[in-house]
Structures are given as structure tokens and as C-alpha cells.
Amino acid sequence: KPHLVLKGVHRHYGEGEKLVRVLEAADLTVMSGELVAIVAPSGAGKSTLLHLCGLLESPQAGEIDILGVSTSRLGDRARTQLRRSAVGYVYQFHHLLPEFSALENVSMPQLIAGKSPAEAEKRSMELLDLLGIAPRASHRPAELSGGEQQRVAIARAAANHPRVILADEPTGNLDPATSDLVFEALAALIKNEGAAALIATHNHDLARRADRIVTLRDGLIVDHQLALA
Ligand code: ADP
Ligand code: ADP
């Protein structure tokens, strides 16, 4: 099933001399359980693409469908609701709450969504376990290594069963060995949850482990193999 579909997406910023055309006719389909890596130079539009997919920004033309819902027709409230229920976001920096434990950080979005504390804790432990950090459940972010912090952030992003997971340079702040570990954990999680994932990364070695690599060229999303040809 396609969880995320972009059709003819156009996004530019500014006008006149300051006009920047980022996406001109971007097409992309990401299926359930599929991990797509976006590898492109800085400034190519990776963050813009992720913000569009996460419904933080709107395209000026084209269509973005999430779980078969055509998002252009949604009002602000419905967009926010779809973003909260369907999309999980992982950032380069973890943005965990420093005063709370790993378990509490992962439970927080579930409690906000109305789950009982017991249900939230069960789900949080399941995710921490899947990501190999269950023994760190009661540690606060400052008591965790960089790779552990990032795996907690991944668990938090996945807490409410998002069908689409977006990650912007999720290993950008980590050393190569830790990047490997975190990327593997993220990939395993995506397969386990059957989510569709779009991951922006500079790291070609990691990107190779994705199901598919795409790049951004001339405002289009192109298959990486084609782009090299
Ligand atoms: P990447 O994530 O690949 O580094 P971005 O999506 O952040 O690229 O940016 C793509 C281009 O769009 C850049 O040239 C950037 O300057 C421009 N851009 C991004 N956001 C804005 C904005 N809010 N206003 C004006 N220009 C922007
Ligand atoms: P790395 O070698 O990956 O950089 P660290 O040396 O920072 O990791 O941490 C090694 C282990 O020690 C980690 O599992 C982390 O949870 C734990 N740890 C790190 N800092 C603290 C701390 N201030 N309090 C408790 N445990 C910590």
C-alpha cells in the first residue's frame, strides 16, 4: 500500500531576484514498510521535501497524499490532526526533554494523545527494547550516549504508530560506528512497524542500506541510479 504519494509537487521561495525554485514537479511514492533515502547536497531541498511530507509546509502546486488522504483539500485543523496521527519526525538533534527519563520522553506523546499511563509505558518499553535501549529506560538524556539519545528520539517519533516516518539527517551528529548502529535500529523499526520512511542523509554508505535511494535534481525527485547515468 502506498502510504505517501507526491504528484507534481511544486515549491518555491521568494520572488524576483530572490526566487529559489526548490521543487518543480516532484513525484514520489513510498510504500508501507519501505525505506527511501534522499541523498542530495546541502541546499538541494531535502528539508523542504520533508517539511512538505510532514505537512509543516504546503506546496504551491501538486498533490501530497498521506494514507490515501489528499492533503491539499484539508483545512488547518484536519492537517494538524493528520500530522499528529500519521507522521513521526526524527531530527538531527534529538530534542529530548532533559528533565525526563527515556521512558517518559517516549511516553509523553502517547499520554498527550490520550493513552493511559500503563498502555503508554507498555508501548514505550516495547520500542526501547526493539531499539536495544531497554536497559536505559530510566536514564535521562544527559546520562545517555549520543547514539542512545538518538534511538530514544526514534522511539518517541514512533510512539503513536505513525504510518509515515520522516528523518532529517538522523545520524548527522554521530560518529560512523554509532551512525551505523542507529541507522540499523531505525531500519529495523520501520520494517517492524510497516511504516513508510523517508530519510535525508549525507552518508552514502548508510543510504545504500535503504530500499531505494533518490536524489533531487532540477526540481525533480530522481532515482539515484538514473541520476548517476
Ligand atoms: P537542504 O535540506 O537540502 O539543505 P533546504 O530544503 O533547507 O535544503 O533548502 C533548499 C533551498 O530553499 C535553499 O536554497 C534554501 O535557501 C531555500 N529555502 C528553504 N527554506 C526557505 C525559506 N523559508 N525562505 C526562503 N528560502 C528558503
Ligand atoms: P559512547 O562511548 O557511545 O560515547 P558514553 O561513553 O557516553 O558512550 O556512555 C557509555 C555508557 O554510559 C552509555 O550506555 C550511557 O548510557 C552511560 N552513561 C553515559 N553518561 C552517563 C551519565 N552521566 N550517567 C549515567 N550513565 C551514563
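Trainee: Which helices are included in what covers the buried residues of α3?
Mentor: Start with the residues themselves: in α3 (residues 102-112) they are Ala102, Leu103, Asn105, Val106, Ser107 and Gln110. Buried means under 20% relative accessible area, exposed means over 50%, and partly exposed is in between, with a 1.4 Å probe and protein chains only. Contact means heavy atoms within 4.5 Å. The cover of those buried residues includes α4 (117-130) and α5.

Trainee: What pLDDT do side-chain atom pairs need to count here?
Mentor: Residues are numbered from 1 along each chain as its sequence is written, chains are lettered from A and ligands numbered from 1 in the order in which they are written, and side-chain values use heavy atoms, with hydrogens and water left out. This is a predicted model, where totals for chains, interfaces and linings use all residues, local features need pLDDT of at least 70, and side-chain atom pairs need pLDDT 80 or more.

Trainee: Which residue with a positive phi follows α3?
Mentor: Helices here are DSSP runs of H or I with at least four residues, strands are runs of E with at least two, and both are numbered from the N terminus. After α3 comes a residue with phi near 105°, and that is Gly114.

Trainee: How do α4 and α5 lie to each other?
Mentor: Axes are lines fitted to C-alpha atoms, for helices over the stretch in contact, and angles run from 0 to 180 degrees between N-to-C directions. These two axes come within 9 Å and cross at roughly 135°. Angles under 35 degrees count as roughly parallel, over 145 as roughly antiparallel, 65 to 115 as roughly perpendicular, and the rest as oblique. So α4 and α5 are oblique.

Trainee: How many charged residues are in the contact of α4 with α5?
Mentor: The contact is made by Arg123, Leu127 and Leu128 of α4 and Val152, Ala155 and Ala158 of α5. Ala, Val, Leu, Ile, Met, Phe, Trp, Tyr, Cys and Pro count as nonpolar, Asp, Glu, Lys and Arg as charged, and the others, Gly among them, as polar. By class there are five nonpolar, no polar and, for charged, one.

Trainee: And α5 with α6: what is their angle?
Mentor: α5 (residues 146-158) has Gly147, Gln150, Arg151, Ile154 and Ala158 meeting α6, where Thr178 and Leu181 are among the partners. The axes of α5 and α6 (residues 176-193) are 10 Å apart, at an angle of about 20°.

Trainee: Is Arg11 buried or exposed?
Mentor: Arg11 sits in strand β1 (residues 2-13). Leaving aside neighbours within four places in sequence, Arg11 is in contact with several residues, including Val20, Leu52 and Glu57. Because its relative accessible area is 14%, Arg11 is buried.

Trainee: Is Arg84 buried or exposed?
Mentor: Arg84 is in helix α2 (residues 76-86). Relative accessibility is 66%, so Arg84 is exposed.

Trainee: Which residue in β2 stands opposite Pro2?
Mentor: β1 and β2 run antiparallel and are joined by eight bridges. Opposite Pro2 stands Met31.

Trainee: Which residue in β9 is the bridge partner of Ala37?
Mentor: In β3 (residues 35-38) both faces are covered, with Leu35 and Ala37 buried on one side and Val36 and Ile38 buried on the other. β3 pairs with β8 (residues 196-200) in the parallel sense over four bridges. With β9 (residues 212-217) the pairing is also parallel, over three bridges. There, the partner of Ala37 is Ile213.

Trainee: What is the phi of Leu67?
Mentor: Leu67 is in the loop between β4 and β5. Its relative accessibility is 35%, so it counts as partly exposed. Most residues other than glycine have a negative phi. Leu67 is not a glycine, yet its phi is positive, about 55°.

Methods:
Pairing = 2+ DSSP bridges.
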